[in-house]
Amino acid sequence: MMDFWTALQAIILGVVEGLTEFLPISSTGHQIIVADLIDFGGERAMAFNIIIQLAAILAVVWEFRRKILDIVFGLPSQPKARRFTANLLLAFLPAVVLGVLFADLIHHYLFNPITVATALVIGGVIMLWAERREHRVDVDHVDDMRWTHALKIGFVQCLAMIPGTSRSGSTIIGGLLFGLSRKAATEFSFFLAMPTMVGAAVYSGYKYRDLFQPGDLPVFAIGFVTSFIFAMIAVRALLKFIANHSYAAFAWYRIVFGLFILATWQFGWVDWSTANS
């Protein structure tokens, strides 16, 4: 039977995943920090993270279901649909290659709260710089992207393999630097998340298939539902937010939160047990 604390841990981590996956503040980084604080680790945690990430991506699939269906049914006859699909696959390719080559090394050496905090601060500073520079818009809509835009964003996405960097933050800010409008950069980031996260989940799920135990099903179910609900809330809120605001608020959040984690480590206020793992 699942005890109350385990259920609460699943809810907490489901909320964290759902709210942070598509915001430019690093969901993986927040998961590492929060899981360390509430002592949710081990093999069960690895399997649990795969489940809640799938829930988050399903929320995006549901939110953009009309666009997805238009693309799927338009592939045989519409050049615009074929171009968008080709751009998406091209942007996805670098993460596939580099992920297979370096994922295990990165997970072993960099998945700890101190790396996360450092990446949060550095990423926040870069976001502030990107927001304050003159932003030239060459692409107003995702359908107008060229293959060169897609490939460059695909390489920038690979930076998110470092926990704390943020996949959405990398692709959105990269899109802005490469001439996409805020709306186009944000939407392409959402669409690129679909093959990237599903591919990562399938790869990890197969690799760690022995970690999935029937007894953990209730915990996974709670995390899955919670993550789906809060991911839906976050996606809709972000799309509304970026219509009239910059990403500076997220940058300052990253910097303050990262510096706070580093301070707790430096002064010994919190024992980050995985800091040297």
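Me: What makes the span of helix 10 close to the expected one?
Reply: In this predicted model, helix 10 covers residues 217–241, which is 25 residues. The distance from its first C-alpha to its last is 36 Å, and the value expected at 1.5 Å a residue is 36 Å.

Me: Which residues of helix 10 are buried, and what covers them?
Reply: The buried residues are Val219, Phe220, Gly223, Thr226, Ser227, Ala231, Met232, Ala234, Val235 and Leu238. Their cover includes helix 1 (4–20), helix 3 (42–63), helix 9 (182–207) and helix 11 (248–266).

Me: What is the corresponding case for Asp39?
Reply: Asp39 has a positive phi of about 60° and is not a glycine. Asp39 is placed in the loop between helix 2 and helix 3. Its relative accessibility is 66%; exposed means over 50%, so Asp39 counts as exposed.

Me: How do you know that Asp104 and Lys207 form a salt bridge?
Reply: The rule asks for a Lys or Arg side-chain nitrogen within 4 Å of a carboxyl oxygen of Asp or Glu. The closest N and O atoms of Asp104 and Lys207 are 2.4 Å apart, so the pair qualifies as a salt bridge. Asp104 lies in helix 5 (residues 79–110) and Lys207 in helix 9, so this pair ties together parts that are 103 residues apart in sequence. Both side chains fall between the cut-offs of 20% and 50%: Asp104, at 44%, counts as partly exposed, and Lys207, at 32%, is partly exposed.

Me: What makes Arg136 and Asp138 a salt bridge?
Reply: Their closest N and O atoms are 3.2 Å apart, and the limit is 4 Å. Arg136 is exposed, with a relative accessible area of 63%, whereas Asp138 is partly exposed, at 42%.

Me: How many salt bridges does the rule give, and which residues are linked in a network?
Reply: The count comes to seven salt bridges. Lys67, Lys80 and Asp143 are linked in a network of salt bridges.

Me: What is known of the second largest pocket and its lining?
Reply: This pocket has a volume of about 290 Å³. The lining consists of 16 residues, among which Gly123, Ile126, Leu159, Thr165 and Ser170 lie nearest the centre. Helix 6 (113–132) and helix 8 (167–177) are the elements that give two or more residues to the lining.

Me: How is that lining divided by class?
Reply: The lining has 10 nonpolar, five polar and one charged residues. Gly is counted among the polar residues in this scheme.

How values were computed. Residues numbered from 1 in each chain as written. Predicted model: local features only at pLDDT ≥ 70, side-chain atom pairs only at ≥ 80, totals over all residues. Heavy atoms only, no water. Helix = DSSP H or I, 4+ residues; strand = E, 2+ residues; numbered from the N terminus. Expected span 1.5 Å × (residues − 1). Buried < 20%, exposed > 50% of the residue type's maximum accessible area, 1.4 Å probe, protein only. Contact = heavy atoms within 4.5 Å. 1 Å grid on protein atoms, 1.4 Å probe; cavity = no way out; pocket = protein on both sides within 12 Å on 5 of 7 lines; lining within 4 Å. Points joined across faces, edges and corners; volume = space filled by probe spheres on them.
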